[in-house]
Amino acid sequence: MQLGVVGLGRMGSNIARRLHRAGHRCVVYNRTEKPVAELAAEGLTPASDIPDLVKKLDPPRAVWIMLPAGAVTEGMVDALSELVSAGDILIDGGNSFYKDDIRRAKALESKRIAYVDVGTSGGVWGLERGYCMMIGGPKAAVDRLDPIFNVLAPGPGAIARTPGRNARDHRPEHGYIHAGPAGAGHFVKMIHNGIEYGLMQAYAEGFDILRGKADARLPDAERFVLDLADIAEVWRRGSVISSWLLDLGAMALAEDSNLANFTGAVEDSGEGRWTVDAAVEEAVPANVLAASLFARFRSREEHTFGDKLLSAMRFKFGGHVEHPAAERS
């Protein structure tokens, strides 16, 4: 299948690579030339600009947009909508706000252009591991794109089947789901990221308490110097709290148990705020998720060891680097 990919950052480039390696034909474009040239050297088709990308795609076209949420993605959807034709599909694979998806899909209906939103999880590891995808949009368009999603998804791997799923849709077992109409994919991904905040905060606080057990203010008999890297490692193996996030935390602690390369100033990329907003709209108590969001705000004022572990985990799964204080103000 042929696909246009616009936005060749950490995830966009690897999405194109994974598809290319599986035999799909990708036409790629980025605002800066370097990632385009790198992918062209690997055999992908480069585009000099957006009109050139559209021209190099055979109708009916499909274009995957992998850009930051907000005005950049909005502008690209508008630009592409003027260049593609009825029957084509525009895919937003970034972290857009789901209400924007609903509005965009409705606006494109009059042109008979399908809009598909894909909440994409996998970060910098997606090229090898695959991407967990939560998809919203019309059934016909999502079904047409299934060969793309099937290749990008991680597949069932070695994970045991969940009892009772024999008669259900097989796609979730492969790592992707058609969640519902436009906006549903990004809504599910938004809640996914809200939960991620809470899980990461729980690990961060727990390891902060473990480290604090060596505090000189405690009685001698109650003072322990604990090996955090070894604790993380043993919890990975058979523990009820094992997870990929713990795997990444264990990796960071094995590299440096003091996490000296991290200040502990933890950014939030928007989905956590939107998740809390959704909880307020639905009158759903979300104590843990809200507290984890506010903890990130607090981390930019004072930093604990737990903040450093949060930052380290974010770097490990998504390549998120800390910004100097001047950039955060």
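Leaving aside neighbours within four places in sequence, which residues is aspartate 52 in contact with? What we have here is a predicted model, where local features need pLDDT of at least 70, side-chain atom pairs count only at pLDDT 80 or more, and totals for chains, interfaces and linings use all residues. Residues are numbered from 1 along each chain as its sequence is written, and side-chain values use heavy atoms, with hydrogens and water left out.

Okay, back to aspartate 52. Its partners are Pro46 and Ala47, where contact means heavy atoms within 4.5 Å. Aspartate 52 sits in helix H3, residues 50-55. Helices here are DSSP runs of H or I with at least four residues, strands are runs of E with at least two, and both are numbered from the N terminus. Aspartate 52 has a relative accessible area of 16%, so we call it buried; that word means under 20%, exposed means over 50%, and partly exposed is in between, using a 1.4 Å probe and protein chains only. A polar atom of its side chain also lies 2.9 Å from the backbone nitrogen of serine 48.

Next, helix H4, residues 71-81. Which of its residues are buried? They're Thr73, Glu74, Met76, Val77, Leu80 and Ser81. They cover an arc of only 165° around the axis, so they're on the same side of H4; the arc is taken from the directions from the helix axis to the C-beta atoms. Those residues pack against S1, H3, S4, S5, H5 and S6.

What about the nonpolar core? That's a set of buried Ala, Val, Leu, Ile, Met, Phe, Trp, Tyr and Cys residues joined through side-chain atoms within 4.5 Å. The largest has 31 residues, and Val28 and Trp64 are among those with the most contacts inside it. Helix H1, residues 10-21, gives the largest share, four residues. A second, separate core has 24 residues, including Phe207 and Val266.

Val266 comes up again with serine 311, which touches Phe262, Ala265, Val266 and Glu322 if we don't count residues up to four places away in sequence. Serine 311 is in helix H15, residues 305-318, and is buried at 3%. Its side chain makes a polar contact with that of glutamate 322, at 2.6 Å. A polar contact is a pair of N or O atoms within 3.5 Å; within protein, one must be able to donate a hydrogen and the other to accept it, and residues adjacent in sequence count only if both atoms are side-chain atoms.

Most residues other than glycine have a negative phi, and most peptide bonds are trans. Yet a cis bond joins proline 59 and proline 60, with omega about -10°. Arginine 112 has phi near 60° and is exposed, at 63%. Leucine 259 has phi about 50°, but is buried, at 2%.
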